[in-house]
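This report describes one protein chain for a reader who is new to structural analysis. Please keep the sequence and the structure in view while reading.

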Amino acid sequence: MSIDWTALGQVTAVSIGVTVAVVVVFALGVLGLARFEGARENGGSTSNLGVAQAALCFLACAAVVAYGIHLIVPQFH
(Lines give C-alpha, C1' and ligand atoms only; values in the text may rest on other atoms or scores of the structure.)
Protein backbone atom coordinates (compact mmCIF):
# COMPACT_ATOMS: atom_id res chain seq x y z
CA MET A 1 0.00 0.00 0.00
CA SER A 2 1.39 3.34 -1.04
CA ILE A 3 0.51 6.64 0.55
CA ASP A 4 0.16 9.60 -1.74
CA TRP A 5 2.19 12.11 0.25
CA THR A 6 1.44 14.93 -2.19
CA ALA A 7 -2.30 14.67 -1.57
CA LEU A 8 -1.75 14.52 2.17
CA GLY A 9 0.45 17.62 1.99
CA GLN A 10 -2.15 19.47 -0.06
CA VAL A 11 -4.94 18.62 2.37
CA THR A 12 -2.77 19.70 5.28
CA ALA A 13 -1.85 23.01 3.61
CA VAL A 14 -5.46 23.80 2.72
CA SER A 15 -6.76 22.94 6.18
CA ILE A 16 -4.11 25.08 7.89
CA GLY A 17 -4.75 27.95 5.47
CA VAL A 18 -8.51 27.86 5.97
CA THR A 19 -8.09 27.63 9.74
CA VAL A 20 -5.84 30.70 9.79
CA ALA A 21 -8.24 32.60 7.53
CA VAL A 22 -11.25 31.81 9.75
CA VAL A 23 -9.34 32.87 12.88
CA VAL A 24 -8.31 36.16 11.23
CA VAL A 25 -11.88 36.90 10.09
CA PHE A 26 -13.22 36.05 13.57
CA ALA A 27 -10.60 38.34 15.15
CA LEU A 28 -11.71 41.15 12.83
CA GLY A 29 -15.28 40.59 14.06
CA VAL A 30 -14.14 40.84 17.67
CA LEU A 31 -12.20 44.00 16.76
CA GLY A 32 -15.37 45.50 15.30
CA LEU A 33 -17.27 44.81 18.51
CA ALA A 34 -14.43 46.25 20.58
CA ARG A 35 -14.47 49.45 18.54
CA PHE A 36 -18.22 49.77 19.02
CA GLU A 37 -17.98 49.18 22.78
CA GLY A 38 -14.98 51.53 23.10
CA ALA A 39 -16.84 54.34 21.39
CA ARG A 40 -19.87 53.75 23.59
CA GLU A 41 -17.83 53.74 26.81
CA ASN A 42 -16.02 56.95 25.90
CA GLY A 43 -19.30 58.75 25.39
CA GLY A 44 -18.64 59.30 21.72
CA SER A 45 -21.08 58.71 18.98
CA THR A 46 -21.52 55.01 18.53
CA SER A 47 -20.97 54.19 14.92
CA ASN A 48 -22.78 51.20 13.54
CA LEU A 49 -19.74 50.44 11.40
CA GLY A 50 -18.21 48.29 14.16
CA VAL A 51 -21.40 46.27 14.53
CA ALA A 52 -21.70 45.84 10.76
CA GLN A 53 -18.07 44.70 10.56
CA ALA A 54 -18.63 42.21 13.37
CA ALA A 55 -21.85 40.90 11.86
CA LEU A 56 -20.27 40.33 8.44
CA CYS A 57 -17.22 38.64 9.92
CA PHE A 58 -19.24 36.36 12.19
CA LEU A 59 -21.60 35.53 9.32
CA ALA A 60 -18.63 34.58 7.13
CA CYS A 61 -17.26 32.34 9.91
CA ALA A 62 -20.64 30.68 10.37
CA ALA A 63 -20.89 30.06 6.62
CA VAL A 64 -17.47 28.38 6.54
CA VAL A 65 -18.36 26.19 9.52
CA ALA A 66 -21.73 25.26 7.98
CA TYR A 67 -20.00 24.35 4.71
CA GLY A 68 -17.51 22.18 6.59
CA ILE A 69 -20.33 20.39 8.38
CA HIS A 70 -22.07 19.91 5.04
CA LEU A 71 -18.96 18.27 3.63
CA ILE A 72 -18.49 15.98 6.64
CA VAL A 73 -22.03 14.77 7.40
CA PRO A 74 -23.18 12.25 4.79
CA GLN A 75 -26.91 12.91 5.26
CA PHE A 76 -26.50 16.30 3.58
CA HIS A 77 -25.28 14.81 0.30
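## Overall form

What radius of gyration does the protein chain have, and what value would a compact globule of 77 residues have? The protein chain has 18 Å, whereas a compact globule of 77 residues would have a radius of gyration near 11 Å. This radius is taken over C-alpha atoms, and the globule rule is 2.2 Å times the number of residues to the power 0.38. Along the principal axes, the C-alpha atoms of the protein chain fill a box of roughly 65 × 25 × 15 Å.

The model is predicted: local features need pLDDT of at least 70, side-chain atom pairs count only at pLDDT 80 or more, and totals for chains, interfaces and linings use all residues. Residues are numbered from 1 along each chain as its sequence is written, and side-chain values use heavy atoms, with hydrogens and water left out.

## Secondary structure and surface

The protein chain contains two helices and zero strands. These elements are DSSP runs numbered from the N terminus, where a helix is H or I with at least four residues and a strand is E with at least two.

Of the 77 residues, 9% count as buried. Buried means under 20% relative accessible area, exposed means over 50%, and partly exposed lies in between (1.4 Å probe, protein chains only).

Residues 24 or more positions apart account for 47% of the contacts with a separation of 6 or more in the protein chain. A contact means heavy atoms within 4.5 Å.

## Helix α1

Helix α1 covers residues 5-41 and has 37 residues. From its first C-alpha to its last, α1 reaches 53 Å, close to the 54 Å expected at 1.5 Å a residue. The expected span is 1.5 Å times one less than the number of residues in the helix. Just after α1, Gly-43 takes a positive phi of about 80°.

Which residues of α1 are buried? They are Gly-29, Gly-32 and Phe-36, and the buried residues of α1 pack against α2 (49-72). An α-helix has 3.6 residues a turn, so residues three or four places apart point the same way.

## Helix α2

Helix α2 has 24 residues and reaches 35 Å from its first C-alpha to its last, close to the 34 Å expected at 1.5 Å a residue. Its buried residues are Gly-50, Ala-54, Cys-57 and Cys-61. The buried residues of α2 pack against α1.

A search of the whole structure finds zero disulfides, a disulfide being a pair of cysteine sulfur atoms within 2.5 Å. Cys-57 is in no disulfide, and the nearest cysteine sulfur, that of Cys-61, is 6.9 Å away. Cys-57 counts as buried at 10% relative accessibility, and Cys-61 counts as buried at 9%.

## Where the helices meet

Gly-29 lies in helix α1 and is buried, with a relative accessible area of 0%. With which residues is Gly-29 in contact, leaving aside its neighbours within four places in sequence? The residues are Ala-54, Cys-57 and Phe-58. Gly-29 and Leu-56 are 27 residues apart in sequence and 7.5 Å apart in space, C-alpha to C-alpha.

The structure also holds one aromatic pair. Phe-26 and Phe-58 form this tilted pair, with 5.1 Å centre to centre and 45° between the planes. Rings of Phe, Tyr and Trp (its six-membered ring) pair if their centres lie within 6.5 Å; planes under 30 degrees apart count as stacked, over 60 as edge-to-face and the rest as tilted. Because Phe-26 lies in helix α1 and Phe-58 in helix α2, the pair ties together parts that are 32 residues apart in sequence. Phe-26 is partly exposed, with a relative accessible area of 44%, and Phe-58 is partly exposed, with 28%.

## Distances between other positions

Thr-19 is found in helix α1. Thr-19 and Ala-54 are 35 residues apart in sequence and 18 Å apart in space, C-alpha to C-alpha. Arg-35 also has its place in helix α1. Arg-35 and Ile-72 are 37 residues apart in sequence and 36 Å apart in space, C-alpha to C-alpha.
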